[in-house]
Amino acid sequence: MKQFFLLILLIFSLQLLLPAHAAEVTIDASAYTDDDVYRKNMVVFTTDQIGYVFYVDSSRDLVYKKSTDGGVTWDSKVSVHASANSTGPMIWYDGWTPGDSGTKIHVIHVN
């Protein structure tokens, strides 16, 4: 039992000696505007820097935006399905599936 406590004390001591690093990123709130009132957004980051947001814009078009800087800025929206009259997307990134390579984002929506 004494050895267990000494091991815990050693691990805790080593953590105090090792430097800790953290970085903060401000997420850009303008990924969508107030005009995009029908948004039910779905977000996926395929890496720590590349992210996508899928939503329905004010024209009821299914669209997405991409970020390549961890969400600090977002590109212009791209139409996935025009005049969809969609209620919003649901997504599944295959990288969320254990053992999958993570190369596809599956999008489904209801008209």
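Reader: Of the 111 residues of the chain, what percentage counts as buried?
Author: The model is predicted: local features need pLDDT of at least 70, side-chain atom pairs count only at pLDDT 80 or more, and totals for chains, interfaces and linings use all residues. Residues are numbered from 1 along each chain as its sequence is written, and side-chain values use heavy atoms, with hydrogens and water left out. Buried means under 20% relative accessible area, exposed over 50%, and partly exposed in between (1.4 Å probe, protein chains only). Of the 111 residues, the share that counts as buried is 25%.

Reader: In what order do the elements of the chain run from the N terminus?
Author: Helices (H or I, at least four residues) and strands (E, at least two) are DSSP runs, numbered from the N terminus. The chain has one helix and six strands. From the N terminus on, their order is α-β-β-β-β-β-β.

Reader: Among contacts between residues at least 6 apart in sequence, what percentage joins residues at least 24 apart?
Author: Contact means heavy atoms within 4.5 Å. Of the contacts in the chain between residues at least 6 apart in sequence, the part that joins residues at least 24 apart is 34%.

Reader: Which residues make up the largest nonpolar core?
Author: A nonpolar core is a set of buried Ala, Val, Leu, Ile, Met, Phe, Trp, Tyr and Cys residues joined through side-chain atoms within 4.5 Å. In soluble globular proteins, nonpolar side chains tend to be buried together. The largest nonpolar core here has six residues: Met42, Val44, Tyr52, Phe54, Ile91 and Tyr93.

Reader: Which strands each supply at least two residues of this core?
Author: The core in question holds Met42, Val44, Tyr52, Phe54, Ile91 and Tyr93. At least two of its residues come from each of β1, β2 and β5 (89-93).

Reader: Which residues does Ile91 touch, not counting those up to four places away in sequence?
Author: Ile91 belongs to the largest nonpolar core. With residues up to four places away left out, Ile91 touches Met42, Val43, Val44, Phe54, Trp96, Ile105, His106 and Val107.

Reader: How many aromatic pairs does the structure hold?
Author: Rings of Phe, Tyr and Trp (its six-membered ring) pair if their centres lie within 6.5 Å; planes under 30 degrees apart count as stacked, over 60 as edge-to-face and the rest as tilted. Tyr52, Phe54 and Tyr64 form one aromatic cluster. The number of aromatic pairs in the structure is five.

Reader: How many residues apart in sequence are the parts that Phe45 and Trp74 tie together?
Author: Phe45 and Trp74 form an edge-to-face aromatic pair, 6.3 Å centre to centre with 70° between the planes. Phe45 lies in strand β1 (residues 42-45) and Trp74 in the loop between β3 and β4, so the separation in sequence of the parts tied together is 29 residues.

Reader: What angle lies between the planes of Trp92 and Trp96?
Author: Trp92 is partly exposed at 41% relative accessible area, and Trp96 is partly exposed at 39%. The two form an edge-to-face aromatic pair at 5.1 Å centre to centre, and the angle between the planes is 80°.

Reader: Which side chains meet in a salt bridge?
Author: A salt bridge is a side-chain nitrogen of Lys or Arg within 4 Å of a carboxyl oxygen of Asp or Glu. The structure holds one. At 3.0 Å, N to O, the partners are Lys77 and Asp57.

Reader: How many residues apart in sequence are the parts that Lys77 and Asp57 tie together?
Author: Lys77 is partly exposed, with a relative accessible area of 39%, whereas Asp57 is buried at 3%. Lys77 and Asp57 meet in a salt bridge. Lys77 lies in the loop between β3 (62-67) and β4 (78-81) and Asp57 in the loop between β2 (51-56) and β3, so the separation in sequence is 20 residues.

Reader: Which backbone oxygen lies 2.8 Å from a polar atom of the side chain of Ser67?
Author: Ser67 lies in strand β3 and is buried, with a relative accessible area of 0%. A polar contact (a pair of N or O atoms within 3.5 Å; within protein, one must be able to donate a hydrogen and the other to accept it, and residues adjacent in sequence count only if both atoms are side-chain atoms) of 2.9 Å joins the side chains of Ser67 and Asp69. The backbone oxygen at 2.8 Å is that of Thr73.
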